[in-house]
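Visitor: I am new to this structure and would like to learn how to read it, feature by feature. Could you take me through it slowly?

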Amino acid sequence: MEHVQLFLRGADLDSRTAAQLAGASCVVGVLTVLARMVSNRRAAKEKIQRARSRRDESLQRAEQAVLQYKESHPLAESALILTLSLSELTKKLQEGSLNPEDVFYSYMEKVQYPTWHCSRVIHPSTEKNMEIVNQFELLLSYLSFIFNYDSSCGLIIKLDQPEDKDSVIVEVLKRQGAIPFVKTNLPQGLLNYDCGNPIYGQTVNPCNLQKTPGGSSGGEGALIGGGGSLLGIGTDIGGSVRIPSAFCGICGFKATSGRLSSRGVRAALPGQKSVCSSSGPMARDVDSLALCMQALLCDHMFSLDPTIPPIPFNAQIYQSTSPLRIGYLENDGYTGSSPSMARGVREVKALLEQAGHTLVPYSPLKTSDVFPELVVKGILGDGTTTLLQNLEGGPLDPCLKAQVLPYYLPKWLKKTISFLLKPLDYIHETIAEWRRCNIDVLMCPALGPAFNFLYCGKLSCASSPMILYNLLNFPAGVVPVSTVTAEDEEKLKHYKGNYQDYWDKVFKQAVSGGEGLPVAVQCVALPWQDELCLRFMKEVEQLVRQNRK
């Protein structure tokens, strides 16, 4: 066994392999495990190379197509096109004042920007796109389940398994005139709010290349935040739409789980019941989010997936201007808000009050118990068995290591086997508290500003301001409202957090050096009141814009 330990010290092994080696009772057993490890690593390396080659080839084809188009159309107004909002672009396309091909190739060129490392696959081929480009109304970047392409979830084990059909969301949007044109990067296994994996590498934040774009829909956040797409679809089980949106300075919306179809959307950890994943749009402005929701909530989606309640988008609620009664908080009692995010809430509160809305102090219930007992144990209710199986066959990404290594502990050492409290009880208690406070919606801090690299895996607990609303299944979205100031950075030096413990110290390190990064607030409504949540987000967006003039 001494020779085994010496071997382990110099080897780059995951914990499971190390445990297997340490437990081998003879030389033959050790050699068998080593041979299997070498074989698995070789197969993983080959899979990764094939995936990267497919990505590189598709980007090269797109680059050539863009160059050819620009040579034959030198007057294309790419700079102007890229500044237009989704609604403005749609209007100009419909009235014929813009050439659809000019729009398409302007974005195809922008998406090739190499520094972000956010684009994975151009889809479909340019030739197929040109068959329908004269009819399209919007370009779509997405993480969803797409015909003839891998939906790997950043996992080597899921490579070389192209899908045989589109997800329902993609199929419905394509029928509405959308052209899916790029897939974007995500973290290994999706259960992390950084954005790196061993297949395609680390995505960076377009606002600051030394920061993460967030995750798990981090490639979407980076691409849209950097101007490379107008609209994207992400998934959110713990803030995975809202965190990258907040980090990258765009708008993101997590719908009530069950409002949009999840049929055909690949999940790394299927079967969760207490903390459910939800799809949602990401865009530069709230109107684009609402336009996407309106396009999706149609008879076509309801017929393709009869499990979705046939509730069309209520434009009347979204367009309402009646005063709201708004709960607000600066700190959820579990994760302390950074100075910039707390300031964002205070500033928006003042704007809302000036506009005639009523603001009511609000405190989430039992957050110190809810996060460890309901959220963590709800997501990892199988004792991390599925997650660890999905991670087999390749190395761990650096952004995931700190989070995952404890999952390899024996089951008797883990506390994620079952949970004691009932999630439904907590949901009903929270709704009762909303009724007692008589609030329509809630405003609270988003997580942020964007973290330094490798801190997301160390700070799973910091996602509590976002993941709480997955547990509750409340629709929630984020809106950029400001940027980090030098004064915020100075106040951060004196940050203590809620517990003054190790995690508060690590959080302070994670968000340091954020001057100039986006600051966002989070808007929340009760289940199935998605339109009201979007209406509130629109109100915040408009007031912030007016205040800047």
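Visitor: Among contacts in the protein between residues at least 6 apart in sequence, what share joins residues at least 24 apart?

Guide: A contact here means heavy atoms within 4.5 Å, and among contacts between residues at least 6 apart in sequence, 80% join residues at least 24 apart. Please keep in mind that this is a predicted model, in which local features need pLDDT of at least 70 and side-chain atom pairs count only at pLDDT 80 or more, while totals for chains, interfaces and linings use all residues. Residues are numbered from 1 along each chain as its sequence is written, and side-chain values use heavy atoms, with hydrogens and water left out.

Visitor: How many helices and strands does the protein have, and what percentage of its residues count as buried?

Guide: Helices (H or I, at least four residues) and strands (E, at least two) are DSSP runs, numbered from the N terminus, and the protein has 22 helices and 13 strands. A residue is called buried under 20% relative accessible area, exposed over 50%, and partly exposed in between, with a 1.4 Å probe and protein chains only; by that rule 57% of the 549 residues count as buried.

Visitor: Where is Glu 541 placed, and is Glu 541 buried or exposed?

Guide: Glu 541 lies in helix H22, which spans residues 530-548, and Glu 541 counts as buried because its relative accessibility is 4%. Leaving aside neighbours within four places in sequence, Glu 541 touches Cys 251, Arg 284, Asp 285, Val 286 and Val 479. Val 481 is 60 residues away from Glu 541 along the chain, and the C-alpha atoms of the two are separated by 7.3 Å.

Visitor: Which residues of helix H5 are buried, and why do they line one face of the helix?

Guide: The general idea is that an α-helix has 3.6 residues a turn, so residues three or four places apart point the same way. In helix H5 (residues 86-95), the buried residues are Leu 86, Leu 89, Thr 90 and Leu 93. Seen down the axis of H5, these buried residues fall within an arc of 100°, so they line one face of the helix, the arc being that of the directions from the helix axis to the C-beta atoms. After H5 comes Gly 96, with a positive phi near 85°.

Visitor: At what angle do helix H8 and helix H11 pack?

Guide: Axes are lines fitted to C-alpha atoms, for helices over the stretch in contact, and angles run from 0 to 180 degrees between N-to-C directions. Helix H8 (residues 168-175) packs against helix H11 (residues 286-296) at about 100°, with the axes 9 Å apart. That makes H8 roughly perpendicular to H11, a term used for angles of 65 to 115 degrees. Ile 169, Val 172 and Leu 173 of H8 meet Cys 292, Ala 295 and Leu 296 of H11.

Visitor: Where are the cis peptide bonds that join Gly 215 and Ser 216 and Gly 448 and Pro 449?

Guide: The bond between Gly 215 and Ser 216 has an omega of about 5°, and Ser 216 sits in the loop between strand E5 (201-202) and helix H9 (218-225). For Gly 448 and Pro 449, omega is about 0°, and Pro 449 belongs to the loop between strand E11 (441-445) and helix H19 (464-471).

Notes
Parallel < 35°, antiparallel > 145°, perpendicular 65-115°, else oblique.
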